[in-house]
Amino acid sequence: MTHAMLKGSNVPLEATAVRAVLRWTPGQGVPDVDASALLIGADGRVRSDEDFVFYNQPRHPSGKVWRLGKKRVAQGLSEGLTDTVQTDLAGLDPAVDRVLLVASAENVAFEHVRALRILLYDAGAGESEPLAYFDITPQTGAETALICGELYRRGDVWKFRALGEGYLNGLEGLAGDFGISVDESEAVTEPSPEASLPQPYPQQHQPLSESATTQVPAPQPFPAPAPQPAYGYPPEPPRHQPAPQPSYGYPQHAPAHAAPVPQPSYGYPQPVAPMPDPNFRLPPQGPQFLAR
């Protein structure tokens, strides 16, 4: 069951490790928000500067509190940003009485941060429903750092309390109030929004050497299609045209190199008369043919 928290309310935790997720809606003029944590002793102060877990020191030396970093997440029909701190409650030093969960924005008031919410998850339950959530509304809007909530001990039980307490002097002023010594030369500076999000690996492009350059031949045009005859007209004759044939019933023309063949007159063919032999003599004739 998810508990919707009001300012000042608390809820007991059965989980041995929790993830505190800060979520907000990015947009024009909306500052980048960073999550951090302070480990506080029974005297209300940190034991040393190592008890301050933030973007420049993302993991506590004990390994029990650390930042998981920022992500882009779906938020209804829009996109949201998150920054997360995880705490191993069962493994914390008994000298740690509280863990403050903090949100900060570099020199930009929280009145410009839209839909700021802290959600608490059981870190051992995977992608389960949140144990509790708290919608944070700054009291004046001019705050540049907020204590969103705290994880605190009550005997052997850990609880979460919703707070929403603001600071006008940013993360540096908040950390100083709990015993963090901030040197002017080592002032707390927040990274740019681009640096805080995971960046893709750059792609390296190697220029081609002159010997490796490939000459691409120019494209050759396709041959033009042969023209087609107009509809209803015969196609053009081929390039090697055969000799024309004579019309039906008429004699064929003889080739130009052949001698003409004499043709007979119309009708029967006429015989050719032989030439007379000058040495021809009649044979002797009988008495019946002699003249009387």
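Mentor: Let's begin with the labels for elements: a strand is a DSSP run of E with at least two residues, a helix is a run of H or I with at least four, and both are numbered from the N terminus. Keep in mind that this is a predicted model.

Trainee: Where is the place of asparagine 107, then?

Mentor: Asparagine 107 is in the loop between β8 and β9, where β9 covers residues 114-122.

Trainee: Which value does phi take at alanine 115?

Mentor: Near 55°, so to speak another positive phi in a residue other than glycine. Alanine 115 lies in strand β9.

Trainee: What makes the link between the side chains of arginine 67 and aspartate 83 a polar contact?

Mentor: The pair of N or O atoms has to be within 3.5 Å, with one able to donate a hydrogen and the other to accept it. The two side chains meet at 2.5 Å, and that counts as a polar contact. These residues are 16 apart along the chain, yet their C-alpha atoms are separated by 7.9 Å. The arginine 67 side chain also reaches the backbone oxygen of alanine 35, at 2.9 Å.

Trainee: What is the relative accessible area of aspartate 51, and is this residue buried or exposed?

Mentor: It's 2%, and since buried means under 20%, aspartate 51 is buried. You'll find aspartate 51 in the loop between β4 and β5. Its side chain reaches the backbone nitrogen of arginine 47 at 2.9 Å. Setting aside residues up to four places away in sequence, aspartate 51 touches Ala37, Leu38, Leu39, Val46 and His60.

Trainee: Which residues have the most contacts inside the largest nonpolar core?

Mentor: Leu22, Ile118, Leu151 and Phe160, in a core of 38 residues. Strand β3, residues 17-25, gives the largest share of this core, 4 residues. Another core lies apart from it, with 17 residues, including Ile40, Val102, Leu163 and Leu174.

Trainee: What makes a set of residues a nonpolar core?

Mentor: The members must be buried residues of the kinds Ala, Val, Leu, Ile, Met, Phe, Trp, Tyr or Cys, joined through side-chain atoms within 4.5 Å.

Trainee: Which residues of helix α1 are buried?

Mentor: Gly170, Leu171, Gly173, Leu174 and Ala175, in a helix covering residues 170-177. The buried residues of α1 pack against several strands, among them β4, β8 and β12. Just after α1, glycine 179 takes a positive phi of about 95°.

Conventions:
Residues are numbered from 1 along each chain as its sequence is written. This is a predicted model: local features need pLDDT of at least 70, side-chain atom pairs count only at pLDDT 80 or more; totals for chains, interfaces and linings use all residues. Side-chain values use heavy atoms; hydrogens and water are left out. Buried means under 20% relative accessible area, exposed over 50%, partly exposed in between (1.4 Å probe, protein chains only). Contact means heavy atoms within 4.5 Å.
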